[in-house]
Amino acid sequence: MKGNEAIAHAAIRCGTDGYFGYPITPQSEIIETLAALKPWETTGMVVLQAESEVASINMIYGGAGAGKRVLTSSSSPGVALMQEGISYMAGAELPGVFVNVQRGGPGLGTIQPSQSDYFQATRGGGNGDYNVIVLAPSSVQEMADFVDLAFELAFKYRNPAMILSDGVIGQMMEKVVLPPIKPRRTEEEIRKECPWASIGRTPDRKPNIITSLELKPEVMEQRNLHLQEKYRQIRENEVRFETQQCDDADYIIVSFGSAARIGEKAVELAREDGLKAGLFRPVTLWPFPSRQLAELCKGKKGVLVSEINAGQMVQDVRLAVNGALPVEHFGRLGGIVPDPEEIVAALKETLVK
Amino acid sequence: MANNIISPENLVYKKPALMNDTTMHYCPGCSHGVVHKLVAEVIEEMGMSDKAVGVCPVGCAVFAYRYLDIDWQEAPHGRAPAVATGIKRLWPDRLVFTYQGDGDLACIGTAETIHALNRGENIPIIFINNAIYGMTGGQMAPTTLIGQKTATCPYGRDPELHGYNLNITELASHLKGTCFVTRQSVDSVASINKAKRAIRKAFEASMQGKGSSLVEIVSTCNSGWKLTPVKANEWMRENMFPEYEKGDLKDTTGL
Amino acid sequence: MKGAIVVNTDRCKGCELCIVACPKDVIALAQKKVNVHGYPYVESAVPESCIGCAACAMVCPDGCITVYRKKVEE
C-alpha cells in the first residue's frame, strides 16, 4: 500500500481516538483512507474534516488537552499554518501527533516531494523556545510503525511529536506489515495516564487547566526551564539512527527519509567505483544524533550530506562534527529528487581529491 | 434587626459555589463577572460540575479559568470553537462550551466560529459583545458601531475607512447547524434572568445533541468606552441595543 | 418582608451598579474608605429599608453581596 494509506491503517490499529485534518496534496490519501475505513463504526475513532489546518491543529489541541490520542496530517504549506497550535501544545505540554508529507516550497511551491521543512520541524517551528520530537520514516513500513512510536513518545514526555515524511514516501507503494491491534484506552485508563487532562473536575481534585499563559516572568522562566530540562532528557534518551557500511568507510553520506534510500544506492555505486562510502541515517531529526555521528566520523575523510533541499540538516551535521572533518552538501530543489549517480559525482567532486 | 435575619435559613442569594474567592481581574462594573456567575449557576443547577469543560478565549476572558472551579482549556486567539470541537467529539457526554469576546469570535476566529456552528457541533458558545477590544486597551472591534470612537478609530468608525460592523449573531441564525441563536444583556435583574434562561437552554440543547447554540450577551466595556459603569449601561441601551437587537433570532430546540 | 445584605468588601470594586439596582436606596459607597485592593466599596447604609430582593447581588459583577430575607410580623 501507499505510505499515506499505511499511516491511516496504523492510526486505527494503534488505538488512535481521533483524526482531524484538511486535504492537501500529496497526503490527502490519509484522510480519504480513514473516511473509507469508517473506524467510528469499529474502534470508535473519530474522523473529521476540518475547515482549515488552523482548525485541525486546534481540534488536536482540544483533544490532546482532554487526554486523547489525536492525530492530524498535512503537507508543507498546511503545516506552516499549524505552527500556532503546535507552539501552544508545546507550551501547554500536550501530547499529539502530526504528519508532514513534505512538498517543495516556498509559498504554494509545488506538489512534488521535498525535504525543505527540516528547519521548521527541528527548530520548533512556531514562536517560543520549544522543540517537537521529529521522526523521519524512509519506508512505507516505517510510516506504519512510527504512528504508535510517535504517540508513545508524545505521551511519555507530554510533548507534540511529528512524523516528517515527504511526497516520495507518502505516494510510494511497498509491502507493509501492519502493527498489532491496540485497543483505545478506557476512561479509567485515560484518567490514570493523564491526571492533568481537562475532562471534567471530579470532587477529589482541583480544576485541570490547559494553558500556555503565564504573566509573571519568574514563573514563566521556571516553566521554560522545566521544558528545557525535559528536552535535555529527550536528547539523552530518544536519539535514533541507522548506519550502513560505516565501519570501514572513508566517506560518510548523511541522509534522512527518502533521501536515505537514494543515499543507500549511492553507497553501493561508490563502492563499485572503489570508494569506501557508508550511510548514516538519523531517524530522529530532533533529537539529532549529534554525539553518535561525531563518534562515528572519527578517522573518516569526509561527510557528504545529501538532502532534498538547499542545505538544512547539513548545519546540524557541521555542528555535530565541529570542524573535525570536511562536510559538504548536495541537494536538488523544487520537487526534483536526486539520482544516486549525482550523489556519487558530488562526493567525488567535493571530497575525494 | 439585621442580625437575626442574617442566618442560613434566610439565605436568598449568594455567589455561586463554583465561583471561587479569587478576585477577578475585570474592571469595576464589567459585564464579564455577571455572565461568569450565570454560567456557574447554570452548571451547578444542571449538576454538571464534574462534566463541564470550558474553553476560554484570548482577550479579557483569557483568565476565566481562574474564577470558575471547573476544568478549562485556554484556546489560541479565535480558535475556541475548534478546540471545543476536538474535546466534544471525543468526549460527547461532557458539557463543552466556549466563552469568547467579539474580537476573538467575530474577527480572528470568524472561520472557526462559523464552521463549528454550521457543522452543528453540540457546543454552546457564549459571546460577549462589547464592541471594543478590552484587553489590548480599547481598539476597534468587528462589532464597533459606526461612529463609535476607539483607540484605532479615534475619529469614529467610518465605513469607508474601516468597513462596517459585523452582525455575526444574525449570520449564525441562518446556519443550518444552529438550534438556538439569541441575543441578551445583563444590565438589569430582568435581563439577567432572561440571559440565564438562554444560557441554560443552550447548555441543555448541547447535551441533548440538538446542535450548536450562540448566546450573544450585549455587554459594556466601561474602561474602553471611557464611561462609568452606570453610564456605560445607559450608553449600551441607547446605542448598542438598536444595532444589536435583543431577543431570540432562532430557536428550534423545542426546550 | 425584611432583608439584609452582607457585602464582601474585599471583593467589591465600588462600581456602584448595585446602588442603581436597589429599589429602596439601601446601598451607598462607604465614605472615604478603600479596601485591600485600593477600591472604594459599598455598604448597607440604610439597612432597615432592605427588603431582601437580591437585585443588588444579581447585578454585582464580582459576586460580593450575600442576601438574606425573612418574613416579619409588623
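Modeller: In chain B, helix α2 (residues 31-46) packs against helix α8 (residues 189-207) at an angle of about 50°, and their axes are 9 Å apart. Helices here are DSSP runs of H or I with at least four residues, and strands are E runs of at least two, numbered from the N terminus. Axes are lines fitted to C-alpha atoms, for helices over the stretch in contact, with angles from 0 to 180 degrees between N-to-C directions. This is a predicted model, where local features need pLDDT of at least 70 and side-chain atom pairs pLDDT 80 or more, while totals for chains, interfaces and linings use all residues. Residues are numbered from 1 along each chain as its sequence is written, and chains are lettered from A and ligands numbered from 1 in the order written.

The crossing of α2(B) past α8(B) is right-handed (the near helix is turned clockwise from the far one by less than a right angle). On the α2(B) side, the contact includes Val34(B), Leu38(B) and Met46(B), while α8(B) brings residues including Ile192(B), Ile199(B) and Phe203(B) (C-beta atoms, placed from the backbone, within 7 Å). Charged residues take part too, among them Glu41(B) of α2(B) and Lys196(B) of α8(B). By class, this contact has nine nonpolar, three charged and no polar residues (nonpolar: Ala, Val, Leu, Ile, Met, Phe, Trp, Tyr, Cys, Pro; charged: Asp, Glu, Lys, Arg; polar: the others, Gly among them).

Conventions:
Two residues are in contact if their C-beta atoms, placed from the backbone, lie within 7 Å.
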